[in-house]
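Student: Could we go through this structure together? I would like to begin with the overall arrangement and then turn to individual residues.

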There are 2 protein chains.
Amino acid sequence: MKKSLGARPLVVPAPVFIIGTYDKQDRPNAMCVAWGGICCSRPPCVAISVRPATHTHGNLLEHKAFTLNIPSRGQLKESDYFGIASGKQENKFAATGLTPVKSDRVHAPYVREFPLVLECQVILNLQIGSHTQFVGEIADVKAEAEVLDDKERVDLAKVDPLIFSPDQHAYYTAGPWLAEAFRVGLELKHPGGRS
Amino acid sequence: MKKSLGARPLVVPAPVFIIGTYDKQDRPNAMCVAWGGICCSRPPCVAISVRPATHTHGNLLEHKAFTLNIPSRGQLKESDYFGIASGKQENKFAATGLTPVKSDRVHAPYVREFPLVLECQVILNLQIGSHTQFVGEIADVKAEAEVLDDKERVDLAKVDPLIFSPDQHAYYTAGPWLAEAFRVGLELKHPGGRS
């Protein structure tokens, strides 16, 4: 028997994405967001949602570009800080000692020390309610060689990303590899066979 | 030095969401999606992306409602199956032995055996490219009592959700609790203090 909890913004896992943008004077900023995810395969696109009051929101409208940086467990303190300070008041790169690097493909800075980066061009934005959703087309993915497997695929265990639990306001780590996808369920498939 | 991997649809963690819908004859269907996430806090909304060729896509257009069901690690096989079989060819609830339950708040079925369910009303859809994004306003969250903590918050560790790694085509588990959010980064904040 399920208990009704009312309407809450809640899924698990939620991600921890650090959004890199430039302001009007091309000063770099970074913000932590948990509202977002991939929204299209071809072209590859990712959606992120931010409140209009944030510094990042203005930067996104100004330059129509962002980076999505995925931190490792060891970068927890900096990532959390990116979510509680405002770029309107503080130089967040200076405060953390992290290094902004101009992207090759879009007009936005990425975080050199973070292992995985998506360079994104904003193709649309949508005011939903408290948050505006920005859809970014992924122009390039950049990764440290240490987080790739032997087929040059991004290995989740090697990235060792943070995981956010919205209802608890807590961070978790990722756990062990469990199974190959699109395989373990095949035995339930109709004898018509694998499609 | 980062390596350029080209444009790929990839973030970590990606979620494993089971989307419940009814077809025109009110037959229940369930589909596995990894493209999605929360997109607004007020009203609480979640975005999911599905290809137009899927049975779920037609059902979403027909009834403008879905449930988003979050499975536990023990429901891996059924969840994977929901992503490799089509409701156009197979009765996926019958194949898995799972139980569709009519939602209280929207015209869509949820999966009784899964620990966490969001009942969602579609408020808009957006054709991006290969995928259509559907934004659902969360009308209610329902959870098994066993996945709640002592403050009635959804406890990620108790849900024990699946985590998807898109580049590897692999499932992972969640790992241990790491830190309270909006706290661990405070020490980097400007002496102006906590906002």
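Tutor: The discussion below moves from the two chains to their interface and then to single residues.

Student: How far can the coordinates be trusted, and what does chain A average in pLDDT?

Tutor: This is a predicted model, with ipTM 0.96 and pTM 0.97. Chain A averages a pLDDT of 96, and 97% of the residues score at least 70.

Student: Why do the copies meet through the same surface?

Tutor: Of the interface residues of chain B, 99% are also interface residues in chain A, so the copies meet through the same surface.

Student: What does β13(B) pair with in chain A?

Tutor: Its partner is strand β12 of chain A, residues 170-180; the two pair in the antiparallel sense over seven bridges. Within β13(B), Glu180(B) stands opposite Ala170(A).

Student: Which sheet holds that pair?

Tutor: An open sheet of five strands, in the order β11(A)-β12(A)-β13(B)-β12(B)-β2(B), with antiparallel pairing. The edge strands are β11 (162-165) of chain A and β2 (14-15) of chain B, each pairing on one side only. β11(A) is joined to β12(A) by four bridges, and Leu162(A) stands opposite Thr173(A) in β12(A).

Student: Turning to the core, which residues touch the most other members?

Tutor: The largest nonpolar core has 120 residues, of which Cys39, Val46 and Ile48 of chain A and Cys39, Val46 and Ile48 of chain B touch the most other members. Leaving aside neighbours within four places in sequence, Cys39(B) is in contact with residues of both chains, including Trp35(A), Ile128(A), His131(A), Cys45(B) and Val135(B).

Student: Where is His131(A), and is it buried or exposed?

Tutor: His131(A) is in the loop between β9 (116-127) and β10 (132-144) of chain A. It has 24 other C-beta atoms within 10 Å and is therefore buried, since 20 or more are required. Not counting residues up to four places away in sequence, His131(A) touches Trp35(A), Ser49(A), Val50(A) and Arg51(A), together with Cys39(B), Cys40(B) and Ser41(B).

Student: Which residues have a positive phi without being glycine?

Tutor: Among them are Asp26(A), with phi of about 60°, and Lys64(B), with phi of about 50°. Asp26(A) is in the loop between β2 (17-22) and β3 (28-33) of chain A, and is exposed, with 12 other C-beta atoms within 10 Å. Lys64(B) lies in the loop between α1 (55-63) and β7 (65-70) of chain B, and is partly exposed, with 18 such atoms within 10 Å.

Key. Residues are numbered from 1 along each chain as its sequence is written. Chains are lettered from A and ligands numbered from 1 in the order in which they are written. This is a predicted model: local features need pLDDT of at least 70, side-chain atom pairs count only at pLDDT 80 or more; totals for chains, interfaces and linings use all residues. Two residues are in contact if their C-beta atoms, placed from the backbone, lie within 7 Å. Two strands pair if DSSP finds at least two bridges between them. A nonpolar core is a set of buried Ala, Val, Leu, Ile, Met, Phe, Trp, Tyr and Cys residues joined through C-beta atoms within 7 Å. pLDDT is the predictor's confidence in each residue, from 0 to 100.
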